[in-house]
Amino acid sequence: MMFKALVIEKDDAGYRAGVKSVDDNALPDGEVTVNVAYSTINYKDGLAITGKAPVVRKFPLHAGIDFAGTVEASSDPRFKPGDAVLLNGWGVGESHSGGLAQKARVKGDWLVPLPAGLTARQAMAIGTAGYTAMLCVMALDAHGVKPDSSGKGDVLVTGANGGVGSVAVSLLSRLGYGVVASTGRLAEADFLKSLGAADVISRDELSSPGKPLGKERWAGVVDSVGSHTLANACATTKYGGAVAACGLAQGMDLPGSVAPFILRGVTLYGIDSVMAPFAKRQAAWARLAQDLDLGKLEALTQEIALDAAAQAGADILAGKVRGRLVVNVNA
Ligand code: NDP
């Protein structure tokens, strides 16, 4: 059986990604074969598709770190044909063929049953970006950062117009936090306020080299940007507050000081979605199904066809994508 996939190749002709017709023999080993309904474009998919960072470690490879669909065949007793499932990470779309394809074959251990209340399209509108936003929110919540209507509970979200950022803004506002959204796209301030941001600030306030400590502003931070932005976010977090760091859109460096940690007791949490254990994933997805306003999710989502995914990969790295892109692999 032939199916379509966004295939990444690297050989004498160079590094390239394009939609091709492939057959089942192109699928890797795995216990569960899934008919993919939707995938998505995350920042890491952009890196993989363009080759701007060496995230793909096997060629040829079907792109896509996420997918949602229904089981076609399974030798894993936990799954049977027709089951609705989703997948995020585990090296899929990096070293194992992924979800920007009409079919995928993976280990049963990597799959999460689609949570009740979410469609495959909604799950991919959330995708790794939204699931990572939820992991950040859970880290702040477990730390004791709670909503506070007096403003003491303000949470900063950086890269707010991006995938992680826009879902984090929606989630945190729904949970009652005062959300301050930091963005390079102030023209999108109304969009961010429609998602629930109480205030929108320019990312220029945070993106240049700063002081070891600044005025205490945030009870918590969700940072998808890294570099000076993360250092300044730590330096302006209130006594005892927490920062959840998950991304590197500005840079992988962390040019700060220990002052926020040793003088203000600030805690920096590292958030990884790729290898997160099953129980944590399932908890995050259950909370997404419960806590995320699906109307807001739709408002921050655009749907594209598989043929448009390669261009979308370049666009997300160029900071041109607002919110989330779902890919209808059968369109
Ligand atoms: P997006 O491209 O959708 O969002 C990134 C946002 O960061 C942009 O929209 C932009 O927001 C902001 N940004 C971009 N460039 C810069 C810059 N030079 N300086 C400051 N801000 C910038 O990507 P995702 O939301 O999919 O991913 C965000 C980050 O999180 C990536 O680095 C990604 O690799 C990482 N990530 C990590 C995961 C993990 O498991 N740890 C999982 C998922 C993502 P705005 O226009 O509002 O300023």
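Contact means heavy atoms within 4.5 Å. This is a predicted model, in which local features need pLDDT of at least 70, side-chain atom pairs count only at pLDDT 80 or more, and totals for chains, interfaces and linings use all residues. Residues are numbered from 1 along each chain as its sequence is written, and side-chain values use heavy atoms, with hydrogens and water left out.

**View 1. Helix α1 and its packing partners**. Helices (H or I, at least four residues) and strands (E, at least two) are DSSP runs, numbered from the N terminus. Helix α1 covers residues 43-50, and its buried residues are D45, G46, L47, A48 and I49 (buried: under 20% relative accessible area, 1.4 Å probe, protein chains only). These buried residues pack against β1 (2-11), β2 (14-23), β3 (32-40) and α9 (309-317). Just after α1, G51 has a positive phi of about 80°.

**View 2. The shell around the ligand**. The ligand is surrounded by 24 residues (a heavy atom within 4 Å of it). V164, T183, G184, R185 and S273 are the closest. By class, the shell holds 9 nonpolar, 12 polar and 3 charged residues (Ala, Val, Leu, Ile, Met, Phe, Trp, Tyr, Cys and Pro count as nonpolar, Asp, Glu, Lys and Arg as charged, the others, Gly among them, as polar).

View 3. For R185, a side-chain N or O atom is 2.7 Å from an oxygen of the ligand. The protein buries 87% of the 910 Å² that the ligand exposes when taken alone (Shrake-Rupley method, 1.4 Å probe). Helices α2 (120-143) and α3 (163-174) are the elements that give two or more residues to the shell.

Notes: Buried < 20%, exposed > 50% of the residue type's maximum accessible area, 1.4 Å probe, protein only. Polar contact = N/O pair within 3.5 Å; in protein donor to acceptor, adjacent residues only side chain to side chain.
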